[in-house]
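Subject: Handover of the three-chain model

Dear colleague,

I am passing the structure on to you with this message, and below it I set out what was found. Please read the notes with the model open beside them.

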Amino acid sequence: MSTSETTTEDHEDHEHPSDQKYMQIALLLAVITAAEVATYFVHIGAALIPTLMVMMVVKFFIVAAWFMHLRFDSKMFTRFFVAGIVLAVSVYFIFLTVFEFWTKG
Amino acid sequence: MSEETTTEEQRPLGVYTRPKGGNGWRDWVTTVDHKKIGILYGAAALFFFIIGGIEALLIRLQLATPNGTVLGADMYNQVFTMHGVTMIFLAAMPLAAAFANYLIPLQIGARDVAFPRLNAMSFWVFLAGGIFINLSWLLGGAPDGGWFGYAPNSGVVFSPSVGMDFYAIGLQITGIASLVSAINLTVTILNMRAPGMTLFKMPVLTWMLFVVQLLLVFAMPVIAVALFLLMFSRQFGANFFNTEMGADPLLWQHLFWIFGHPEVYILILPSFGIISEVIPTFSRKPIFGYEFMVFSGIAIGFMGWGVWAHHMFASGIGPLSVAAFSLSTMFIAVPTGVKILNWLATMWGGRIKFSAPMLFAIGVMSMFTIGGLSGVTHALSPADTQQTDTYYIVAHFHYVIFGGIIFGLFAGFFFWWPKVFGHMLDEKMGKINFWVMLIGFNMTFGPMHVLGLQGMSRRIDTYSPGFGFEAWNMVATIGAFVIALSVLIFLINVIVSAKRAKGQPPCGPDPWDARSLEWITPNPTPEHNFDEVPTVESLDEFWHRKWGTDEEGQIVRVATAEEVCQDGTATGVHLPSPSYWPLIFAIGLPFLGLGLIFNLWLTLPGAILIVTSLYAWIFEPVDDPDGPHGEHHADEKEVSEEASDV
Amino acid sequence: MSEETTTGLSHNKLAMWVFLGSECLLFGALISTYLLYRNKFYDGPAPGDIFDIPFTSVSSFVLLMSSLTMVLALSALQKGDIRNNRLWLLTTALLGAVFIGGQVYEFTTFIREGLGYTTSPFSSAFFTLTGFHGVHVSLGIVMLMSLLISSYRGKLTEKNTETVEIIGLYWHFVDVVWIIIFTVIYLVPNPTS
């Protein structure tokens, strides 16, 4: 937490990406989405769920980092968002484990 | 207000003009001042505390003798449910909010919170929710499924009255208040510290309240979902807890306790913070191991997320889960132990002054420790299987909640009363208050350990003679009335002290030789808080401005409190203007609730009030140069059209 | 707010991020509830019987692209380009509306096919989760339209980029939640009856 004391560290005057960059990112997102949807039609067996999860996380990360500017903005924002995500994932992972979700589905 | 002669044209042109302050009730309902909101929180919470106390007395009357007839079984369910709901959500949490609102800005050297109007909204929404839940007494019966509302008992089948609807919607409303307030105070603590006030120069109370706000931010949405599931099940026939269709009622228990265990620390940490201010002041020593204090508070907050299923050892969650949660529960005793140790070490070798706040603080240390120890006995799951759902559990959580929280809050009342109202509470009555409360408390809840181990179940409305429950139940009931007497002494103290102080000059700047920043302002705190925002150089800034060391390392006074304290006469301090809209927004919410329960048409006025107030809020001029804050600033005209603070 | 803050960050933006952190726990609870009940479909249709993956893929794509238009709206305003700012705000709101329209269509189709709100634990959990998300999107549309109106009243200028940015954060968050819902609820192979 103490790093938050450095007042103007990477704040406000950062360069936002160009519109062109945004479009490239959107294109990338579209391609990943197409790949995700493709798994519905093309059977890839046991690799399916891990593949889907990886693509989901990548998309999530890209939107958060670029469109939500976390890449360029203060670490404080990232900290709050990551705290929420990590807490949610770990708590609900344990929650589902107690319900034996992973073994009995 | 009326002597203001400025005409409309000179005021900033917004869609809506803002109310002006002044004195009287209108000032209180439109206020955005964190201090007034803190006082409002305190007054409303004390009111609910008394209601919850009366409910407790009814419970104890019913249980005083075997086959009690004071309350019927149905009424008993309602009363013990509302006792829990009222004490947790309408008394303990808002009392902590009262301290948080009043003291956080002062302790970090700010003039107000980050979002003053949202702060007012939090209070009014809390009050609306509290009144809404209690309306159920008049509109078809109070909630009767316990404060924990376990499914499927909370469903329509087992609880057909509208009580649990009021529970689900009412707690949702107070939840909004808690969440908004938590976000507001989080931003305040991070963003509005005085120059030099780094995070690790903040007083322990502010630190503990900061941890509480973070816990609220992350825990409130969980109870929100649980309450939505309950509400949808009851209102729209959703099947979240319908076992006939394969649903699992344990879903509720998990969601409730994922929220509920952080909630335990939401309740206790403010009290820990309060006594961490009181004990050093009256031991005349700095707090022992400040960093340990802070980090153990953070650790408690963090670990509080990993122990929820220890409330569910008897619900059949499986041996692996039980073992894991048993272990994590034992670990969480460690940071709490660290705190107790640090308070003891703070007192060690100090020149202790046993004033009323200090007595209550020592009460917390001793009584909470008893409750903590019985808590560790539940962590051992084989023992817990025997204890669960008996009075042993009731004894345990009252030792931590009453012994830990209520004693702590009373320590806070006595300590900061001069700060808030400018006069002291009567010291002698305060000491009597403490001893009566301590005796009554132990008489009430001490015997419950025995009753529980003898096998008396909790939540039952009566018991038969011949199990050996009679004597201890009678003692507990007498104890409950002794507690009531102690609260009465407090209320009399409040009135007598206020009467005595009338016409007298304020109590002076530093009645306790205190340590932290809030005491730099005069007592009572002026509307603008600080004449000049101080630059902070050390932890216990106020103390260090009064005391220094000479060549031999002896502590010597370098300045009197009068020299250090500001005189509160600054003029031209720019403060946010009052607003009607937080109150109007809050009034809309109970209508939504009543509409969902009784007649959907009632949601219409609710929705109109909410939407109108939100848009009016946004388009309200950001400030009013003719505002109510004394001598005003003709030079501050940088008024923009739209309020930027949401 | 123009005043200096301790961290140098604006109150409003920090508050929005704290709020989004909080929302993670809200949607986490709803998604977990759904996962717990995805094969508790009682006598009603199972998720695998009823989900229309191609249809949902299209509406998911629409929502994803609305994030692009949102960020372009912000970028236009930062350059002082009011006209493009309005254009992209309107496009974002429209894409959001298309998504909501798709959801309404999906819901009515499901109900016609025998999956009502009270049919099974699965149906209750499904409608609650996607319904909550839909309400979030709808609130986002209301906020975008409010921005648009204040823009036409001449009040949305370069000085207010932060307002647009904050509403954008909310919008992207809602999009990000759908990225998870689309994968976890729709694409992961679903039980059939």
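Ala411(B) touches Ile274(B), Ile275(B), Val278(B), Pro357(B), Phe360(B), Ala361(B) and Val364(B), where residues up to four places away in sequence are left out and a contact means that the C-beta atoms, placed from the backbone, lie within 7 Å. This is a predicted model, in which local features need pLDDT of at least 70 and side-chain atom pairs count only at pLDDT 80 or more, while totals for chains, interfaces and linings use all residues. Residues are numbered from 1 along each chain as its sequence is written, and chains are lettered from A and ligands numbered from 1 in the order in which they are written.

Together with Ala226(B), Ala411(B) has the most contacts inside the largest nonpolar core, which has 279 residues. Such a core is a set of buried Ala, Val, Leu, Ile, Met, Phe, Trp, Tyr and Cys residues joined through C-beta atoms within 7 Å, and a residue is buried if 20 or more other C-beta atoms lie within 10 Å of its own, exposed if 12 or fewer, and partly exposed in between. Helix 6 of chain B gives the most to this core, namely 26 residues; helices here are DSSP runs of H or I with at least four residues, strands are runs of E with at least two, and both are numbered from the N terminus. The core lies between domain 1 (17–73) and domain 2 (74–105) of chain A, because both of them give residues to it.

Those two domains divide chain A, with bounds that come from an automatic or database domain assignment, and their centres, taken over C-alpha atoms, are separated by 20 Å. Chain A has four helices and zero strands, and of its 105 residues 28% are buried.

Helix 3 of chain A (residues 75–98) has 24 residues and reaches 34 Å from its first C-alpha to its last, close to the 34 Å expected at 1.5 Å a residue, the expected span being 1.5 Å times one less than the number of residues. Among the buried residues of this helix are Phe77(A), Phe80(A), Phe81(A), Gly84(A) and Tyr92(A), and what covers the buried residues includes helix 2 (48–67) of chain A, helix 6, helix 7 and helix 9 (319–347) of chain B, and helix 1 of chain C. Just after helix 3 of chain A, Glu100(A) takes a positive phi of about 55°.

Turning to the interfaces, the contact between chain C and chain A takes 38 residues from chain C and 42 residues from chain A. On the side of chain C that touches chain A, the elements giving two or more residues are helix 1 (11–37), helix 3 (53–78) and helix 6 (161–187) of chain C. By class, that side of chain C has 23 nonpolar, 14 polar and one charged residues, where Ala, Val, Leu, Ile, Met, Phe, Trp, Tyr, Cys and Pro count as nonpolar, Asp, Glu, Lys and Arg as charged, and the others, Gly among them, as polar.

Between chain B and chain C, 36 residues of chain B are in contact with 30 residues of chain C. The largest share of the side of chain B that touches chain C comes from helix 6 of chain B, with 10 residues, and the residues of that side divide into 24 nonpolar, seven polar and five charged.

With kind regards

Conventions: Two residues are in contact if their C-beta atoms, placed from the backbone, lie within 7 Å.
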